[in-house]
Amino acid sequence: MSLLRHRLFWPLAVLAALLAVNTAFTPGFLAIRVQDGHLYGSLIDIVRFGAPLILVALGMTLVIATGGIDLSVGSVVAIAGALACEYIVDLPDQDDLAGVLTAIGIALAAAVVLGAWNGLLVAGFGVQPIVATLVLMVAGRGVAQLITAGQNTSVTSPTFKVFGGGYWLTLPFPVLVAAAAFLLTALLTRRTALGLLLESVGGNPAAGRLVGIRARGLVATVYIAAALCAAIAGLMISSNVSTADGNNAGLWIELDAILAVVIGGTALTGGRFHLTGTVLGALIIQTLSTTIYTVGVPPETTLVFKAVVVLAVCLIQSPRLRAKFRRRRPPAAAPAAAEKVEVTA
Amino acid sequence: MLKKLLTTLATASLALSALAACGDGGGDGSGDGKTVLGFAQVGAESAWRTANTTSIQESAAAAGIELKFSDAQQKQENQIKAIRSFIQQRVDVIAFSPIVETGWDTVLKEAKDAKIPVVLTDRAVDSADDSLYVTFLGSDFVEEGRRAANWLVEEYKDSDETVNIVELQGTTGSAPAIDRKTGFEEITSADPKFQTIASQAADFTRAKGKEVMQAFLSANKDIDVLYAHNDDMALGAIQAIEEAGLKPGEDIKIISVDGVKDAFVAMTEGKINVVVECNPLLGPQLMDVVAKIAAGQPTEKRILTEEGVFTMDQAAAELPNRKY
């Protein structure tokens, strides 16, 4: 019972179920082999293509913990990729390490500015987060297209390609970056008081203010952190295909990120947040996409298929259904049972 | 926000220029005897579209036709506004690429009442009344699918073994995705040796093309041919194939549609076998049609753009001619 009660049990169970479905359709789905000196296989692909989403979702978790939301991350993804590729394409030697690092630096610096803009609107002027970040979500894609002049900018830089498509110690580089970002965030929020402060700002702002927490600076910081995560994701996405695509890079990734946060067990109302849950949520979403490709769900029904799985995940996680499993409150179990029938039907 | 402001400014300046045209007292807007063409473009959403715009602007200048150009930034309301302003300016011919298929009857009727002929380029409108436009100049996406399949049939004519095909579709529900799939299947379904073993949408983008192809490769052991609905998806897929330790163009034959410069570069490297062209450079053809209409000559209701099929051995010769 204690296993069932663990908040990560259900996300893990769903992930395992998705992998099982894949293994049933594609024998050898779980196999990992060494190809050209690095690991290769479907599982590696899932974490590799999921790395940008994991990063964006990590930033989103912090924003949501303060009771906010950041819709602009998809646009930041596009802007970061556009800035880096435009800089690299103008280098005399596109493969120059210093040049590539400068490009990455420019993209990250731009992200800090964009995040600070969101933070200023939300914490400084008290604009509602959904509205404040909507501004950049809409305008940002236009900015990305201005940067690339409406073209898809292709670069030929093996050095830059390492960032999103390379390998280090046989592991995909973006996975290592995402893992580092996760560890850093976890350390900062769980080994210092920062996590507690964020939760208090989101959970009960009035109480937080009364004990002397300066919410403004914290809130502004999380938007900068979210933009930074998004920019790293944008660099990965553009580097993986060596192209900046102002129109489509990171399109709708904000929604996937919010979904990952929710699947991971963090409430949109703010307060308690779960970084490990978010990572699992992002992996579930990426595994779902891979499942669609490998199982061969027709493209016309892809979105319905996704919706059904997400609905099932959310229902499984509903407190009422959990209550039924815990058998603590028998009266609450009846409607929950009815919901469950709907899911399995 | 910024976009909206810009749109407002653009509209305001259009309205001003319309007023200025009235102020001329020219009436037909062609005081110097030049033919005036009003062109309402979709926007600048891709390299293809930018090449399309450049071609129209350059060939108008070359043909001595005065071009009034409007960019709708992918919004139908902007395009309708632009067409209305062209009607007010009394241009000789209106041409536009409809952003969506429906909702044009009212504004096209206004143009018809003002006796201004309308030419559709690149995309069609869905209207019961086809007297609302003079001609539709553009590609036939179904034919592009057929051409892709014809190359495949020719390539495998001496073989009786099963050919396993995977397909990267464009954005679900878009006309090019539906038509290119239909045309391709029309030909390949005639021979049971052609088997499409996987077909998924990759949204016309490189990133998706790579991701979906990677999944195809791990789910299917024996892929012979890749058919991509556009070059970007094919270019993404090439990277996935290379990372799987296979040779694109040899281990897996690649058929693509569009003909952008990057695809020709890939062809010269032996990574794409054939590209079915979808030509954005329809400016010269459009100017011919406009000149004909202005001279009162009849035109065909449906004009196909001039397009080719390029194979690997032609790629090097054709590459310098690629403008986009």
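Is A:Asp36 buried or exposed, and what is its relative accessible area?

A: Keep in mind that this is a predicted model. A:Asp36 is exposed, with a relative accessible area of 61%, because anything over 50% counts as exposed. You'll find A:Asp36 in the loop that links strand E1 (33-35) to strand E2 (38-40) of chain A. Its backbone is worth a look too: A:Asp36 has a positive phi of about 50°, even though it isn't a glycine.

Now go along chain A to A:Leu169. Here again phi is positive, about 55°, and the residue is not a glycine. A:Leu169 sits in the loop between strand E4 (167-168) and strand E5 (171-172) of chain A, and its relative accessibility of 63% makes it exposed.

Next on the tour is A:Phe173, which belongs to helix H8 (residues 173-190) of chain A. A:Phe173 is partly exposed, at 23% relative accessible area. Its C-alpha atom is 18 Å from that of A:Cys85, a residue 88 positions away along the chain.

Let's turn to the rings. Across all chains, the whole structure has six aromatic pairs. One of them is made by A:Phe9 and A:Trp10, whose ring centres are 4.8 Å apart and whose planes make an angle of 80°, an edge-to-face pair. A:Phe9 is partly exposed at 22% relative accessible area, while A:Trp10 is buried at 15%. The charged end of A:Arg48 sits over the ring of A:Phe49, 5.3 Å from the ring centre. Likewise, A:Arg190 has its charged end over the ring of A:Phe273, at 4.3 Å from the centre.

Helix H7 (158-165) of chain A supplies at least two lining residues, and so do helix H8 (231-243) and helix H9 (261-268) of chain B.

Finally, hop over to chain B. Six of its strands build an open sheet, ordered E7-E6-E8-E9-E10-E12, with mixed pairing. Strands E7 (194-201) and E12 (309-311) are at the edges with a single partner strand each, so each has one side without a neighbour in the sheet. On average, neighbouring strands of this sheet are turned by 20° against each other, ignoring direction.

You can trace some of the pairing by hand. Strands E8 (residues 225-228) and E9 (residues 253-258) of chain B run parallel and are joined by three bridges; B:Val225, for instance, has B:Lys253 in E9(B) as its bridge partner. E9(B) is also parallel to E10(B), this time with four bridges between them, and B:Val257 has B:Val276 in E10(B) as its bridge partner.

End your walk at strand E10 (residues 274-277) of chain B, where both faces are covered. B:Val274 and B:Val276 are buried on one side, and B:Val275 and B:Glu277 are buried on the other. In a regular strand, side chains alternate between the two faces of the sheet.

How values were computed:
Residues numbered from 1 in each chain as written. Chains lettered and ligands numbered in written order. Predicted model: local features only at pLDDT ≥ 70, side-chain atom pairs only at ≥ 80, totals over all residues. Heavy atoms only, no water. Pairing = 2+ DSSP bridges. Axes fitted to C-alpha atoms, helices over the stretch in contact; angles between N-to-C directions. Phe/Tyr/Trp six-rings, centres within 6.5 Å; stacked < 30°, edge-to-face > 60°. Buried < 20%, exposed > 50% of the residue type's maximum accessible area, 1.4 Å probe, protein only. Lys NZ or Arg CZ within 6 Å of the ring centre and 35° of its normal.
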